[in-house]
Amino acid sequence: MFRWLLRAFPRRFRDAYGDDMSADFSRRLDAARSAGRLPAIAFWLRTGANLITSGLAERRRSSFIVAVPGANAPQPAHQLKKRGRLMSGWTQDLRFALRRLRHERGYAAFVALTLALGIGANVAVFSVVDGVLWRSLPFYQADRLIGVWGRFLPESGFDFPQFVLSNPEYFDYRMENRTMADVGAWLQSTATLGGPGENPERVEAAVATPSLFSVLGARPLLGRVINETDPPPGPSSVVVLSHSLWQSRFGGREDILTQRLLVNGTSRVIVGVMPPDFDFPEGARFWVPLVITSSVLQQRQSHGTRAIARLKDGVTIEAARQEMTVLMNGWRERYPKIHAGHFLYLNPLMDDIVGDVRPALKVVAAATAFLLLIVCANVASLALARAERRGRESAIRAALGSGRWRLVRLAAVENGLLAIVGGSIGVVLASVAVSWLRSSEGIGVPRLQTIAIDWRVWLFAAGASLLAACLLGALPAMRATAVRLAPALRLDTRTSTGAGRTWLRRSLVVVEVALAILLVTGATLMVRSFARLLAVDAGFRTEGVLLGSVSLPSASYQTDAHVNAFLDSALERLNALAGVRRATLSTNLPVVGGIGVWDFQIDGRPAPGPGQPAWNAAPTFAAPGYFETVGMTLVRGRFFTTDDRATSEPVALISEAFQRKYFPGEDPIGRRIRVQGNDKNAWAQIVGLVADVRDQNLQTEPRPLYFMLHSQTPLLIQGSMRQVTFALRTDGDPMALAASLRGAIREIDPALPVSPIRTFDDGVARTLAQRRFTALILSMFAVFGLGLGVLGVYGVLAYTVAERTQEIGLRRALGAPAGRVLQLVLSQGLTPVAVGIVLGIGATLSARSVLETQLFGISPTDAPTYVMVAAGVLVAAALACLIPARRALRVSPLVALRDL
Amino acid sequence: MPPHDFQVLLALAEGPRHAYGLAQAGEDPHEGTVRLELGSLYRVLARLTASGLIADDARAAGEGQEAKRRYYRLTALGRRVAEAETVRLQAVVRLAKRRRLVPGKG
């Protein structure tokens, strides 16, 4: 360490005083150590800083001294004009640097492009991190917005760490808290707009309380927002439009207030339009009032409401959390059955929105930074080699009176130019990448629209370029100042300091290889994890299935009979479509979505009492053909058949996880279950057992599921049972059926839009998009980083071999076998690689906890991956070494000796 | 003359010393109050040597481990320069006293 610091001094100074300085240093250090740890650290810092500053000062001084041996007081040359000399000739330098770079176009282009890729990747990732994680949400004082959530601990009978609220819970919290300025609530839903002939469309919407708008600090563009006096659904009910809906459906006309719009078959008065930047909840196209009536306040266990609160000025989230604890104690006393193991908690809104992607983005950001380091190491290594090639040129300049500062400055101008060019190309690449990211929905990252190349990103790009320029210029600059005239000027190609000169470049290789190992191991783990995720047996098949969803408005489909008549005729038409092998429908489809977890009862078994775990599982209400269409596997019994109708004996199927949990060691076939909550619900006999299905997402273990016939189940909860998805299995391209699906439904009900229409494949792929994206980005970085690392290995070894040509020739002439020479060269090339591999593995292992958050089904310390990557890197490096090694073997002793 | 340079001359007036001894002298409250960091000290030594105020002292080299150390002594020129600086400083102190700049005394 100390020896390294000494390098700040010019060589001549080191030669004269270096030994004494080291001896002094250790004595001083001992003295400082004996005084304690802190004084020792202080000593290190003080001395280190002093060594660097005085070393550099000494270099400056000695570069101005015209050394006159024996003179008593050497005068700094041109001391009076020093300042002028330091600053003059920049334009000359610039011209000169341009000329030099033009002569070495290959070098300049390679350096600029490598830098461009490194800087570009960093700029793009920075703009994503900045836009998604750092930029505040587009609301007034957005950092004071807090999401209100429910949590069910296992003792409540459920196990949901994060769950929506019931309306009474929202209502009570809003009334009882003293730390929030206000609390707003909403339900997200999908609704059908317009009637027959009115261009019906199915859009995302929100049922919102008036307080939601005041909590968010949102003001309408036209008219007003929802207010407290708005009536429940009826003839005078109201709707507030989003800017996009206003534009697309009403052409932005200003006279739309007081006009009416058909929402789910009910006519509503348009009372306001929101501004374009108001997008809450994300994707909502209109808002209707959430009216909390006294009957709603009885349904404390019906959860479906999201809530958001704004902290009062000067109140911290900790204070609000403490108050929440007190409130929850009160609730537990008032509702011991409901609030045992079930309570509300607070989470900053920003965390709600980006909490899931934060770890992934962190991994990507770290990988990008490492990539830039590899780029800089590689380019610095190239610049070093170039500086050494030009050692004689520099020496001639120095001999002709060029100051060392001037030489350093020339190099700095060159590096600066390369960094500026590289950085600019990088920003261009980044803006291309960013515009691609913004337009791609399928990467599973929220807030992508916030990403922009703005002044912050420019500032970052400038900083990254500057850093790159410094990193790539620092080492050659140190070299340049250490040029010794005499040996460099001799026409002698032998150098006495060959080994010493390559140590810097060898350490750069160590750095490059270590970082490449880190990147490649990380990427390999991600890719293997993703492959395992795709290979997991999820219990269903997605290929060849087209999905299309409808919402059945309660206005036009009032009763079960209406709904069943529509669904029956829809299925009939769909099954008759050309190209459709089987058509079915369901409330749920694995992974792409469905309704939550509902309680049920088992016939002949007393329901669990208070304090006991409730019986609940995720229900699916489907039509016959569902299991075949989705590709589920029957374990025992039978699927639904077309003989199972609304009027026949109710039947149900359960999954294996359901059986394990509720009928362990029993035969469930023939037992009866029913959905809890309404005694009109019929008991359904279990007729079949299906293999487990990962219905939430591919990485989550299967949970208990039960399946009932849609036609045999009353419309239990309006929203859930009215959201129906048709699924068509085909042998051809599923999307080719989209138009006929839309047409078939329009023939039955022209007011019923089918949206979204997508393939099952696509729906599942979307849930994997973020992982796919992370794995892809990391792989790209890893390939690029590895390539640069290998190039670095090659460069250093090629240089060494070129330098040792004569030595090798001499060895060959004296009878050294080819194998010996090869061994010599390879060991020289591969030693830094081996060190780099070891360091890289260490670095990866120390990052395992970060990696673990992104992995599925593979350990972050998975030994085969490490072995594979290390071996791969070693082989790649060995191949890179072989080229110079072969050149070494071809060295003719005659030629080598002639030049001696 | 910079205080560091003068302090080195002052310490060497007593007799030849090696660099570490000079540093210790710098820490000694009786001998000086200006702390000399490692790098700065050697720069001072190099500068003073180059300008002929101090020189390596071969005779003072010690035994064994100490033998490797370079000892420094004041040259005749160095002694004259130090004396001149002292005279100058005396004049400075007198002037300071007259302007009532000496702490602790009226």
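**Two helices side by side**

Let's start in chain A of this predicted model. Here helix α23 (residues 760–803) of chain A packs against helix α27 (residues 863–889) of chain A at an angle of about 25 degrees, and their axes are 9 Å apart. Angles under 35 degrees count as roughly parallel, so α23(A) is roughly parallel to α27(A). The crossing of α23(A) and α27(A) is right-handed.

Which residues in α23(A) and α27(A) meet? From α23(A) come A:Leu786, A:Val790, A:Val793, A:Tyr794, A:Leu797, A:Ala798 and A:Val801. In α27(A) they meet A:Val873, A:Ala876, A:Ala877, A:Ala880, A:Cys881, A:Ile883, A:Pro884, A:Arg887 and A:Ala888.

Now turn to where the chains touch. The contact takes 19 residues from chain A and 16 residues from chain B. On the side of chain B that touches chain A, α2 (19–27) and α3 (38–50) of chain B each supply at least two residues. It is α3(B) that gives the most to this side, with 7 residues. By type, the residues of the side of chain B that touches chain A divide into 7 nonpolar, 4 polar and 5 charged.

Finally, step back to chain A as a whole. Its secondary structure comes to 28 helices and 23 strands. Of the 900 residues of chain A, 39% count as buried. Among the contacts in chain A with a separation of 6 or more, 82% are between residues 24 or more positions apart.

Definitions and conventions: Residues are numbered from 1 along each chain as its sequence is written. Chains are lettered from A and ligands numbered from 1 in the order in which they are written. This is a predicted model: local features need pLDDT of at least 70, side-chain atom pairs count only at pLDDT 80 or more; totals for chains, interfaces and linings use all residues. Axes are lines fitted to C-alpha atoms, for helices over the stretch in contact, and angles run from 0 to 180 degrees between N-to-C directions. Helices (H or I, at least four residues) and strands (E, at least two) are DSSP runs, numbered from the N terminus. Angles under 35 degrees count as roughly parallel, over 145 as roughly antiparallel, 65 to 115 as roughly perpendicular and the rest as oblique. A crossing is left-handed if the near helix is turned anticlockwise from the far one by less than a right angle, and right-handed if clockwise. Two residues are in contact if their C-beta atoms, placed from the backbone, lie within 7 Å. Ala, Val, Leu, Ile, Met, Phe, Trp, Tyr, Cys and Pro count as nonpolar, Asp, Glu, Lys and Arg as charged, and the others, Gly among them, as polar. A residue is buried if 20 or more other C-beta atoms lie within 10 Å of its own, exposed if 12 or fewer, and partly exposed in between; C-beta atoms are placed from the backbone.
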